[in-house]
Amino acid sequence: MMTESFTIRNPYINDNFQAVHAQPEDTEEVLSLLVETASWLKSQGSSQWSALLQGEDSHDTPSAIRRGDVFVFKKEAEIAGMVILMKKPSPWDIKLWGDHAHADDKALYLHRLAIRRKYARTGLGKSILQWSTSGIQFKEKSLVRLDCGADNVRLNAFYAGNGFSYAGAHEGFSIYEKPVEL
């Protein structure tokens with residue numbers, strides 16, 4: 001069941017992409033976007049998100065949509081991008097962040113930022129990342145945390161270049177955080 005614990009401060013980004021809370025009827029299109037992204041990553045030589053290609057979804061995206069953790073960015077009726085902003089850390093987040101991650105911490109956990117390939121290289125990914133810290137405000141949340149493979153040089157540079165502070169590494173993953181803009 002979705003509960004509204006946030007305010008969308010900036011409902012539009014870039015070229016009139018509308019930021020909206022994903023609804024259960026968006027599930028099929030969101031999953032299609034994730035598989036499209038996983039296929040593209042594979043074509044680039046990355047194994048990131050490869051489990052999605054076998055039908056395994058470690059983030060259980062349909063449940064994340066029902067919980068209200070998924071936001072989509074629509075161009076007219078089409079979902080052009082998405083992001084999961086979890087209000088509570090997943091077991092994965094707890095593994096990476098240790099004692100810093102708990103149900104009452106002040107962090108959102110960002111996962112699965114994905115862009116439909118036809119919108120690649122438009123700045124939409126950067127805008128969604130920025131929106132996650134300034135375009136939406138969650139009650140009681142003052143940080144956004146995320147992770148990526150430590151060996152993914154481009155992605156590490158992308159997060160650092162967008163104001164996320166490197167907070168360490170754990171089991172081959174880099175962790176980053178950034179204060180939200182109030």
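Predicted model: local features only at pLDDT ≥ 70, side-chain atom pairs only at ≥ 80, totals over all residues.
Of the 28 residues that make up the largest nonpolar core, F71 and F73 touch the most other members. Such a core is a set of buried Ala, Val, Leu, Ile, Met, Phe, Trp, Tyr and Cys residues joined through side-chain atoms within 4.5 Å, where buried means under 20% relative accessible area, exposed over 50%, and partly exposed in between (1.4 Å probe, protein chains only). Two or more residues come from each of β3, β4, β5, β6, α4, β7 (136–138), β8 and α5; helices (H or I, at least four residues) and strands (E, at least two) are DSSP runs, numbered from the N terminus. Another core, of 25 residues, lies apart from it and has L33, L34, M86 and A101 among them. As general background, nonpolar side chains tend to be buried together in soluble globular proteins.

Residues are numbered from 1 along each chain as its sequence is written, and side-chain values use heavy atoms, with hydrogens and water left out.

Beyond its neighbours within four places in sequence, F71 is in contact (heavy atoms within 4.5 Å) with F6, V20, H21, A22, G81, M82, V83, L85, W131, I136 and F138. Several aromatic residues gather here: F6, F71, F73, W131 and F138 form one aromatic cluster.

Across the whole structure, a search finds 11 aromatic pairs. Rings of Phe, Tyr and Trp (its six-membered ring) pair if their centres lie within 6.5 Å, and planes under 30 degrees apart count as stacked, over 60 as edge-to-face and the rest as tilted. F71 and W131 make a tilted pair, with 5.7 Å from centre to centre and 55 degrees between the planes. Because F71 belongs to strand β4 (residues 70–75) and W131 to helix α4 (residues 124–134), this pair ties together parts that are 60 residues apart in sequence. W131 is buried as well, at a relative accessible area of 2%.

A second pair joins W92 and F173, whose ring centres are 4.8 Å apart and whose planes meet at 85 degrees, so the pair is edge-to-face. W92 sits in helix α3 (residues 91–97) and F173 in strand β10 (residues 173–179), so that distant parts of the chain, 81 residues apart, are linked. W92 counts as partly exposed at 30% relative accessibility, and F173 is likewise partly exposed at 26%.

Charged side chains also meet aromatic rings. A charge sits over a ring if NZ of Lys or CZ of Arg is within 6 Å of the ring centre and within 35 degrees of the ring normal. K75 lies over the face of F17, at 5.1 Å from the ring centre, and R112 lies over the face of W49 at 4.8 Å.

The strands form an open sheet of eight, in the order β2-β3-β4-β5-β6-β8-β10-β9 and with mixed pairing; two strands pair if DSSP finds at least two bridges between them. At the edges stand β2 (12–13) and β9 (165–170), each with a single partner strand, so one side of each has no neighbour in the sheet. Strand β3 (residues 17–21) runs antiparallel to β4 and is joined to it by four bridges, with Q18 opposite K74. β4 and β5 are antiparallel too, over six bridges, and here K74 has I79 as its bridge partner.

Helix α1 (residues 27–43) lies across β4, β5 (78–86) and β6 (107–115), at about 90 degrees to β5. Helix α5 (residues 153–161) lies across β8 (143–149) and β10, running at about 165 degrees to β8. Axes are lines fitted to C-alpha atoms, for helices over the stretch in contact, and angles run from 0 to 180 degrees between N-to-C directions.

E76, in the β4 and β5 hairpin with two residues between the strands, takes a positive phi near 60 degrees, and E76 is exposed at 75% relative accessible area. R121, in the loop between β6 and α4, has a positive phi of about 65 degrees although it is not a glycine. R121 is exposed too, at 81%.
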